[in-house]
Amino acid sequence: MSGRTSELGLTWPKGSAHAVSRAAGPSASEQPGRSADAVAWVEQVINDAIERRASDVHFEPFRAQLRIRMRIDGQLQDVASPAGARSPEIASRIKVLAQMDIAEQRVPQDGRLEWPTKGRKVDLRVSTLPTAFGESIVIRVLDRNNTRPHLDGLHLPSDVLEKLRLIVGRPHGLVLVTGPTGSGKTTTLYGALAELNGIDRKVMTVEDPVEFKTDGLVQVSVDAAAGLTFARTLRSFLRQDPDVIMVGEIRDTETAQVATQAALTGHLVLTTLHTGSAAGAVSRLFDLGVEPFLVANALEAVLAQRLVRRICSRCRVRTKAEASQLKDLGLTETTVPAFDVFHGTGCEQCQGTGFDGRIGLFEFLEIVPVIRNLILDRSPVVTLERAATNLGFRTLRCEGVRAVRQGLTTIDEVLRHT
C-alpha cells in the first residue's frame, strides 16, 4: 500500500481523504473517492492497533473530519485520520465485518469478529453509538498473544504470589479482585483459573461477555435480553456440581448474596468488584446487602490492583527525585533519603512517549482472624487497613513507591493511579 504515513505509522492509500490538519476542513482534492479506500483504511488501522498492542481503537466523527485514536498502555494516542466525509463508509465497513445492521444508525449496536493476523486470530469487539455527526465506533482488541493469563506472568510480589496461590488452592471461599475498569482484573482471575483448570476440578465462569475462550472451562456469557443475568446463571451453576466458579463482576445485591452463599457451601468463588482499595471491598459488600457475619466467614482474600506505564528501557535516563515530588508521595527527606528516579526521553521504540508497556501494582488483604473479627464488628476501612498494616499489608501507594525506586515507572504515574 503506497501513500502517506500517519503519526503512528499508518500508511493511507494514495489519494485518500487523509486529514492533515484538524483546523481546516477537507480540501477539494481530499473529497471521498471509492469505497474501496474505506476497506483499506479499516484493515490498516486494525492491523496497526494489533501490532502496537492497543487495547481499543476509537473512530469519532466530527463536522470536518473523522478522528481516530488508539489506547496504548492505557493512554489515548492520536492517529492521522481521513476526512470526516469518510466516516459513513468506514462505519459501514466496520459494521459489515462485525455482522451488524448497517442500515440501523439510530440506536447503539454491539458486534464481534475474529481478525486473522500472522497465523493467529485476534478477537475484536465492536460498539457503535449514534452521535450528532455520525456513528462513534470503538473496537476493543483482545489479543491472546499479548495476554496469556497465568499467575507467574502477572509479576506479583513474591510474597503476594505465594499467599494467593495458597488461597486459590483452597476448596472453598470467596476471593475478590478489585480495581477500576482496565486495571487487569479479568486477566488476574484467568491467571488463577489457569492453575485450577484440571481434570480433577469442574471450573465454570459467567462473564459479560466471555473474555478468553479456554478449553477445560465451562463458560457462559450473560444475556440480559433473554433474562440470563449473573445471579440467575450463578444459581444454575450450583446445580451443575462445580468446584470453582468465576463471576465476571458483582454488580448487584442478588449476585453478591448468591456468590457469598456459594462460597459458604463448599465452592471456591473468584470475582471482581469496582472499589478503590482492598479494604474498601469489604464495605462495598456491606453496601450490597451482604451481612457482616457472611462476609467474615466467606471472604478469604482481596487483591486490589492498578496498571501503570513502564519506563522505556531504551531511552531511560536517571535523575534525582525533587523534594516536592517526595512530598506528593507522602514522603519527606527526613524519613526517606533522596533517591534516584528515572524517566524516558522518548525514542522510536516507545513512539516518543517515554513508556513501553505497563506493570501492575498490587495490594493484598488476607482475611486472617484479626481481620475477620473487625469485619464482624463492621469496622470502617481505615481500621481494617491499620490492622492489616501491622500484619505486613502494603498499600498500592507503597507498592508504587517501590516501583519508582526500582526504576520501573515514574512518580507521576504512581500519583495518577494510586
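Strand β14 (residues 299-311) pairs with β17 in the antiparallel sense over 10 bridges. Two strands count as paired if DSSP finds at least two bridges between them, and helices (H or I, at least four residues) and strands (E, at least two) are DSSP runs numbered from the N terminus. This is a predicted model, in which local features need pLDDT of at least 70. Residues are numbered from 1 along each chain as its sequence is written.

**The sheet**
- The open sheet holds 7 strands in the order β11-β10-β12-β13-β9-β14-β17, with mixed pairing.
- β11 (217-221) and β17 (355-366) are the edge strands, each with a single partner, so one side of each has no neighbour in the sheet.
- On average, neighbouring strands here are turned by 20° against each other, direction ignored.

**Helices on the sheet**
- Helix α5 (residues 230-237) lies across β10 (203-207), β11 and β12 (244-247), at about 165° to β10; axes are lines fitted to C-alpha atoms, for helices over the stretch in contact, and angles run from 0 to 180 degrees between N-to-C directions.
- Helix α7 (residues 280-287) packs on the sheet and touches β9 (173-178), β13 (268-273) and β14; contact means heavy atoms within 4.5 Å.

**A helix pair**
- Helices α10 (residues 369-376) and α11 (residues 381-390) pack at about 170°, with axes 10 Å apart.
- That makes α10 roughly antiparallel to α11 (angles over 145 degrees count as such).
- Ile371, Leu374 and Ile375 of α10 meet Thr383, Leu384, Ala387 and Ala388 of α11.

Key. This is a predicted model: local features need pLDDT of at least 70, side-chain atom pairs count only at pLDDT 80 or more; totals for chains, interfaces and linings use all residues. Side-chain values use heavy atoms; hydrogens and water are left out. Angles under 35 degrees count as roughly parallel, over 145 as roughly antiparallel, 65 to 115 as roughly perpendicular and the rest as oblique.
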